[in-house]
Amino acid sequence: MTTNFTSDIVTSLPEHMLSEILKHAASNSIADFINVKLCCKAFERASIYENVSMEKVSLVPRHKCEKGFQKRCKAANNAEALYRKGMINCFSRRKSESGLRYLKKATEKGHVEAVYTYGIILICLGGELSKQRLRVLSSLHLPKPNEGSSRMIASCRSKTEKFLRCMWVHVALTGPKGICCNCDCDIEEKPNHSTPSECQAWDASNDVGHCCDYCFWDREANLFCSLLRKYLVN
């Protein structure tokens, strides 16, 4: 009797409230999310995987329930799931075209780390694609490079390294050599290979002195590439 009464109450809740309950459950654990779904059929219609949190899911899932959950999120175009699939395909499975498509989709949904990664990959690929870089990266709405450090950049760097630690990295990128932009930048030219100073710079402040957006992101791309080489499987 109590179970039916509770079920009737849940069923009467509006769609957005059911979705919020599911998102809250997913933010606690995948087990909670599954249990909530099983407790009442009303949650099936509210199971909006597009917006559920994936915070408690391993970046590279090992368990069957996590893999199934992430697969459903990806099918629903969940931005975080698209970003993760893009990272895996680009840097671990050697499926660069597929990986870029997933990262682009996540970027279009406003996923911050996807914007950061996708923009840097465009820089490294060069040619016509490189011309899109500032349009993509400008959507992050970062402070000007010469205004000091950015928490958003630090967050993107942190998640990138955390992700690379969890997977087999089989693909590296070649950073930009730099173009003379006549901006009198304070950034010194760095060789296009991994050095101790570059690895330290990844963790250091983003206060790089006076520079234009092009030079700032070229520098960031070179640091990103040095990090990839750090985790590259020989």
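Analyst: **The nonpolar cores and their helices**

The largest nonpolar core holds 39 residues. Phe-91, Tyr-116, Phe-163, Leu-164, Met-167, Leu-173 and Trp-217 have the most contacts inside this core. A nonpolar core here is a set of buried Ala, Val, Leu, Ile, Met, Phe, Trp, Tyr and Cys residues joined through side-chain atoms within 4.5 Å. Buried means under 20% relative accessible area, exposed means over 50%, and partly exposed lies in between, with a 1.4 Å probe and protein chains only.

At least two residues of the core come from each of α6 (79–91), α7 (96–108), α8 (112–125), α10 (133–137), α11 and α13 (213–231). The largest share is that of α8, with 9 residues. A second, separate core has 13 residues, including Ala-25, Val-36, Tyr-49 and Val-57.

A word on the basis. The model is predicted: local features need pLDDT of at least 70, side-chain atom pairs count only at pLDDT 80 or more, and totals for chains, interfaces and linings use all residues. Residues are numbered from 1 along each chain as its sequence is written, and side-chain values use heavy atoms, leaving out hydrogens and water.

The protein has 13 helices and 0 strands. Helices (H or I, at least four residues) and strands (E, at least two) are DSSP runs, numbered from the N terminus. Of the 234 residues, 46% count as buried. Take the contacts between residues at least 6 apart in sequence: 67% of them join residues at least 24 apart. Contact means heavy atoms within 4.5 Å.

α6 and α8 pack with their axes 10 Å apart, at an angle of about 30 degrees. That makes α6 roughly parallel to α8. Angles under 35 degrees count as roughly parallel, over 145 as roughly antiparallel, 65 to 115 as roughly perpendicular, and the rest as oblique. Axes are lines fitted to C-alpha atoms, for helices over the stretch in contact, and angles run from 0 to 180 degrees between N-to-C directions. From α6, the contact uses Tyr-83, Met-87, Cys-90 and Phe-91. From α8, it uses Glu-113, Ala-114, Thr-117 and Ile-121. Phe-91 is also among the residues with the most contacts inside the core.

α11 spans residues 151–166, 16 residues in total. Its first and last C-alpha atoms are 23 Å apart, close to the 22 Å expected at 1.5 Å a residue. The expected span is 1.5 Å times one less than the number of residues. The buried residues of α11 are Ile-153, Cys-156, Arg-157, Lys-159, Thr-160, Glu-161, Phe-163 and Leu-164. An α-helix has 3.6 residues a turn, so residues three or four places apart point the same way.

Ala-25 is buried, at 5% relative accessible area. Leaving out residues up to four places away in sequence, Ala-25 touches Asp-32, Phe-33 and Val-36.

Finally, the loops on either side of α6. Asn-77 lies in the loop between α5 (64–75) and α6. Its phi is near 65 degrees, a positive value in a residue other than glycine. Asn-77 is partly exposed, at 34% relative accessibility. Arg-94 lies in the loop between α6 and α7. Phi of Arg-94 is near 60 degrees, again positive in a residue other than glycine. Arg-94 counts as exposed, at 59%. Most residues other than glycine have a negative phi.
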